[in-house]
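Reader: Please take me through one part of this model closely, beginning with a pair of packed helices. I would like each term given with its cut-offs.

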Amino acid sequence: MSLTKSERAIVTSIWDKMSVQADAIGTETLERLFSSYLQTKTYFPHFDLHPGSPQLRAHGLKVVAALGDAVKSIDNIPGALARLSELHAYILRVDPVNFKLLSHCLLVTLAARFPADFTAEVHAAWDKFLSIVSSVLTEKYR
């Protein structure tokens with residue numbers, strides 16, 4: 001699966017808007033993840049998971065920064081996320097389904113933050129992009 005030229009432009013356009021709010025979007029996405037899918041909290045026993053906590057904000061920023069790396073290397077997402085894929089598969093041993101859950105929470109966050117921009121076409125492009133990212137992050141599990 002790969003993104004069309006049009007989808008790449010859409011992903012980049014929304015990235016430009018979300019990158020200036022990376023901290024808030026990352027935090028909100030993780031808050032949504034942890035409140036909707038309680039089982040995801042098991043990977044963060046050492047974190048203060050209360051809304052807006054410094055640890056939640058810092059990790060949310062890391063998540064969004066990793067997406068930024070994928071956007072910047074949109075033609076080579078596997079290369080951009082190789083280390084992250086190895087970390088999550090071999091060291092953290094994150095259940096691959098959690099990447100899909102996180103993707104869903106990010107889509108909801110983007111729709112809530114950018115309602116005028118988040119058209120069906122944007123939703124489809126970002127869903128496809130996040131599916132590619134999730135696939136890359138889980139490829140070391142195979």
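Author: Helix 1 (residues 5–18) and helix 7 (residues 120–138) pack at an angle of about 95 degrees, their axes 9 Å apart. Helices here are DSSP runs of H or I with at least four residues, numbered from the N terminus; axes are lines fitted to C-alpha atoms over the stretch in contact, and angles run from 0 to 180 degrees between N-to-C directions. The two helices are therefore roughly perpendicular (65 to 115 degrees). Helix 1 brings Ser6, Glu7, Ile10, Val11, Ile14, Trp15 and Met18 to the contact, and helix 7 brings Glu121, Val122, Ala125, Trp126, Lys128 and Phe129 (contact: heavy atoms within 4.5 Å). By class, nine of these residues are nonpolar, one is polar and three are charged; Ala, Val, Leu, Ile, Met, Phe, Trp, Tyr, Cys and Pro count as nonpolar, Asp, Glu, Lys and Arg as charged, the others, Gly among them, as polar.

The model is predicted: local features need pLDDT of at least 70 and side-chain atom pairs 80 or more, while totals for chains, interfaces and linings use all residues. Residues are numbered from 1 along each chain as its sequence is written, and side-chain values use heavy atoms, without hydrogens or water.

Elsewhere, helix 6 holds Thr109. Is Thr109 buried or exposed? Thr109 is buried, at 0% relative accessible area (buried is under 20%, exposed over 50%, partly exposed in between, with a 1.4 Å probe and protein chains only). Leaving out residues up to four places away in sequence, Thr109 touches Ile25, Glu28, Thr29 and Arg32.

Terms used. Angles under 35 degrees count as roughly parallel, over 145 as roughly antiparallel, 65 to 115 as roughly perpendicular and the rest as oblique.
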